[in-house]
Amino acid sequence: MSQNNHSKLQSQQSVNSVIWSICDIMRRSNCAGAMEYVPELTWILFLRILDERETYEQEEAGALGLSYTPSLAAPYRWQDWAAPDGPKRQELQAEGKMGDFFHFLHDDLLPHIRGLDDPEQNPDPTPRQKVLAQVLSNVERTRIDTEYNLWEVIDRVHHIKDDSIDPTHIFPLSQVYEGLLLRMGEKRNDGGQFFTPREVIRAMVRAVDPRAGQTVYDPGCGTGGFLAQAYEYMSRPELDLLPTDIETLKHDTFFGREKDNTVYPMALANLVLHGIDQPNLWHGNTLTGREDSGELFRDAPGLFDVVLTNPPFGGKEGKEAQTRFAYKTSSTQVLFLQHVIDSLSPGGTCGIVVDEGVLFRTNQGGFVKTKQKLLNECDLWCIVSLPGGVFTQAGAGVKTNLLFFTKGQPTEQIWYYDLSHLKIRKRTPLTLAHFDHFFEVLPDRADSDYSWTVDLGECKARAKAEAKPIRAEAKAKQAEANQLAARLKELKKAKGAGSDEYAGTEAQLKETRKKARELTRRAQAIENAVYDLKAVNPNIQIKEDTRTPEELIAFIEANAQKVAQALALLRKT
């Protein structure tokens, strides 16, 4: 059942080839789509890598004369039941009975791991055991249909352990998992909602520039992409961090929330595979506060230094979620934006993806008031307008923007950068190189062909001045309406409600009040227009066609002749 070829895997392509061959086995074994085979491979790959990591840690501790207790004891370690020479595996295969392995897996191994954070089974679990239990929290049975197919998957997973990867081609196994998650995010797969293009994440993390000692939070973390990339950025070798800093990064830095039952354990696995030993993730609905599992999040701070997130596009929330927020709206993204602002510590910085509608809508109270909150409580120092098509691969065709803001001071100026001119398609995706000029001008927030600055104070002053006479007219109309209302009361007493004069005055009052309301709405719309934050590049030169009608007719006739000649030539051939 195991692979015959145990040569070293010498490239990323060869490792990916092994992974996709595993997925092929799983697809023919009752795991039809990526949302089925990726979660299945997640827990298998996680147990294999955990065993390898703990074996190395045990050897290292032994060399230093220190004691070491692994998260799993025999026969529950990968080396016992999954490795080709493992004693438990040999025992199960020697029995020669179909179903023995499934019986061990379903009735012994999986319940044991799920119970690692059960106080009755394990009174004092380690942080890693808690994570391990959560990764397998929803795994009661394997999806793979036969023991033979499962053994084949296990053998192939065993072959891609670190010592089978050619050290001359350094390839972190976390990238193997990233590739699997990318499969979930591809168009027509239903996992795209949990996947943000990694180049967008890398650009956002670099722009926010989180540092060791800061806490990082994603309130809708999906598969954990923002947190994983932030860890890689904050622990890069050139920073020359102290061992204590590394320990802090691994245990007390990264926090997140995810509500999806399938994706939550995948996020945990992804973060552990990237080197975060203790991912502090909360399982539940961020917006309603409904908690499924909060054990790993128990020691989380109340406020965070950095927030990096991509709330779901186009989602709608009911009253259960809306009642928890100051400004009511059914828009998931707008409620998430309020949550993010409230979750930032003073001086804390956020990078967030929002769709275009969040920026330009000024006709809905929840949208306007949330943007007022953002601009009053935070310095919105940058908006990047992304090109269309960036999220098409993930199943979302909406136009998107990146917002960067720091809490503590109101916004005075907004610096915009425009990438919307780029043509993004499947074969030409957005890459980090497309952000090169952005990062070149970002430190000074300099103006260029693709960047400009909007003075929010000037915009508010202009809007107020434009709305002022309309508000004055509305006030006058309201005063006139008040006089008419008083006159109506007098007429009712003197002549009764059935008189012609009463009816005429009543109609006049109704019309005057209507005009007052219309004027007030006009003035409010002018003032609300300040909160249309959509990027409109003032540097774009619109080419006008200056030809006269006669010149255009001549051009059309000339080209029509060319088309007729070409058609005639085609007919002859």
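Is Glu 57 buried, partly exposed or exposed? Glu 57 is partly exposed, with a relative accessible area of 21%. Buried means under 20% relative accessible area, exposed over 50%, and partly exposed in between (1.4 Å probe, protein chains only).

This is a predicted model: local features need pLDDT of at least 70, side-chain atom pairs count only at pLDDT 80 or more, and totals for chains, interfaces and linings use all residues. Residues are numbered from 1 along each chain as its sequence is written, and side-chain values use heavy atoms, with hydrogens and water left out.

**The chain**

The chain has 20 helices and 10 strands. These are DSSP runs numbered from the N terminus: helices are H or I with at least four residues, strands are E with at least two. Of the 573 residues, 48% count as buried. The chain exposes about 28800 Å², and carbon and sulfur atoms supply 49% of that area. Accessible areas come from the Shrake-Rupley method with a 1.4 Å probe; for residues, only the protein chains shown count as cover. Take the contacts between residues at least 6 apart in sequence: 75% of them join residues at least 24 apart. Contact means heavy atoms within 4.5 Å.

**Salt bridges**

A salt bridge is a side-chain nitrogen of Lys or Arg within 4 Å of a carboxyl oxygen of Asp or Glu. By this rule the count comes to 23. Three of them are listed here.

| Pair | Closest N and O atoms |
|---|---|
| Arg 128 and Glu 57 | 3.0 Å |
| Arg 77 and Asp 80 | 2.9 Å |
| Arg 202 and Glu 199 | 2.8 Å |

Arg 128 forms a salt bridge with Glu 57. Arg 128 lies in helix 6 (residues 127-135) and Glu 57 in helix 2 (residues 34-63), so the pair ties together parts that are 71 residues apart in sequence. Arg 128 counts as buried, at 16% relative accessibility.

In the second pair, Arg 77 is partly exposed at 22%, whereas Asp 80 is buried at 4%.

Arg 202 and Glu 199 both lie in helix 9 (residues 198-208), three residues apart, about one turn of the helix. Both are partly exposed: Arg 202 has a relative accessible area of 30%, and Glu 199 has 23%. Elsewhere, salt bridges that share partners join Arg 53, Glu 54, Glu 57, Arg 128 and Asp 277 into one network.

**Two buried threonines**

Thr 512 is found in helix 19 (residues 500-528). Thr 512 counts as buried at 5% relative accessibility. Its side chain reaches the backbone oxygen of Gln 508 at 2.8 Å. Beyond its neighbours within four places in sequence, Thr 512 is in contact with Lys 477, Glu 480, Ala 481 and Leu 484.

Thr 332 is found in helix 14 (residues 332-343). Thr 332 is buried too, with a relative accessible area of 3%. Not counting residues up to four places away in sequence, Thr 332 touches Leu 287, Pro 312, Gly 315, Lys 316 and Glu 317.

**A loop and a helix**

Ala 497 sits in the loop between helix 18 (456-494) and helix 19. Ala 497 is partly exposed, at 46%. Leaving aside neighbours within four places, Ala 497 is in contact with Lys 492 and Tyr 502.

The buried residues of helix 16 include Phe 367, Val 368, Leu 374 and Leu 375, and also Lys 371 and Lys 373.

Methods:
A polar contact is a pair of N or O atoms within 3.5 Å; within protein, one must be able to donate a hydrogen and the other to accept it, and residues adjacent in sequence count only if both atoms are side-chain atoms.
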